[in-house]
Amino acid sequence: MIENNMVTITGKVSSEVEFSHEVYGEGFFNFMIDVPRLSECHDRIPVTISERLVSKDKLGIGTLVEVEGQFRSYNSYSNSGNKLVLTVFARDIVFLDDEKKIRNPNQIYLNGFICKKPVYRTTPFGREITDILLAVNRPYNKSDYIPCIAWGRNARFSESLNVGDNIRIWGRIQSRPYQKKLETGEVVNKVAYEVSISKMEVANREREEKNDAEREGT
């Protein structure tokens, strides 16, 4: 288990299962899960899963599942340019039979490094938001680049963070629909995925304070 990137989402399969890619003879498939919020809304989150973990025939639309894994990113190249694609990479899946038993349907923990200067802003309704791009390391010298959003006092706090700071965050994955206007004037509907932060800590500052305390004690 990769302990610096842990996700658990629970919800209903909301799309057909489609082939994604193959690695050394192992096939991987994509599908969407509708994960409920506390409100009447839900987040529609993409999942990538191995054919060796579960048969795609078991993932019919409406099936209630709990998925554990990591939130990963990769670059998709096309004629329109480079695009950062985000997905939950499944490590385990459990089939459920009663959605009333779902308590915490959307949880994520990340331990990573800030790779762009955080951007503080306010919404038209006066809500404070800071956008953070977090690089989370994984094996074989790879990293996942995860967009995150801090709110309120976390937004004010994270505004002062710097590139290279090591932070730990807890929150949930959210999907956010938006519209993009193309050069042709056409408007297309798109969906952005990001982590909404509920709690955060600065890891490297904790180490510095501990080292300072140890030096003072010697």
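1. Is Asp144 buried or exposed? Asp144 is buried, with a relative accessible area of 1%. Here buried means under 20% relative accessible area, exposed means over 50%, and partly exposed lies in between (1.4 Å probe, protein chains only). Asp144 also forms a salt bridge with Arg138, with the closest N and O atoms 2.8 Å apart. A salt bridge is a side-chain nitrogen of Lys or Arg within 4 Å of a carboxyl oxygen of Asp or Glu.

2. A word on the basis. This is a predicted model, in which local features need pLDDT of at least 70, side-chain atom pairs count only at pLDDT 80 or more, and totals for chains, interfaces and linings use all residues. Residues are numbered from 1 along each chain as its sequence is written, and side-chain values use heavy atoms, with hydrogens and water left out.

3. Now strand E3 (26-36). Strands (E, at least two residues) and helices (H or I, at least four) are DSSP runs, numbered from the N terminus. Nine of the 11 residues of E3 are buried, so the rest of the structure largely encloses it.

4. Look at the partners of E3. Two strands pair if DSSP finds at least two bridges between them. Strand E1 (residues 5-13) pairs with E3 in the antiparallel sense over two bridges. Lys12 has Asp34 as its bridge partner in E3. E2 and E3 are also antiparallel, with five bridges. In that hairpin, two residues sit between the strands, and Tyr24 in the turn has a positive phi of about 50 degrees. Glu22 stands opposite Gly27 in E3.

5. E3 and E4 pair in the antiparallel sense over nine bridges. Five residues lie between them in a hairpin. Val35 has Asp43 as its bridge partner in E4.

6. The structure holds nine salt bridges. One of them joins Asp34 and Arg44, whose closest N and O atoms are 2.6 Å apart. Asp34 lies in strand E3 and Arg44 in strand E4, so this pair ties together parts that are 10 residues apart in sequence. Asp34 counts as buried at 16% relative accessibility. Arg44 counts as partly exposed at 36%.

7. Asp43 and Arg172 meet in a salt bridge too, at 3.1 Å from N to O. This pair links distant parts of the chain: Asp43 is in strand E4, Arg172 is in strand E11, and they are 129 residues apart. Asp43 counts as buried at 1% relative accessibility. Arg172 counts as partly exposed at 25%. Salt bridges that share partners join Arg37, Asp43 and Arg172 into one network.

8. Next, the open space. A pocket is an open set of points on a 1 Å grid over the protein atoms alone, where a 1.4 Å probe fits, with protein on both sides within 12 Å along at least five of seven lines; lining residues have an atom within 4 Å of a point. The largest pocket holds about 870 Å³, a volume being the space filled by probe spheres set on the points. Its lining has 26 residues, and Lys83, Leu84, Val85, Lys190 and Val191 lie nearest the centre. E6 gives the most to this lining, with seven residues.

9. The second largest pocket has a volume of about 680 Å³. Its lining has 23 residues, with His21, Phe28, Arg72, Phe89 and Arg138 nearest the centre. E6 supplies the largest share of this lining as well, with four residues.
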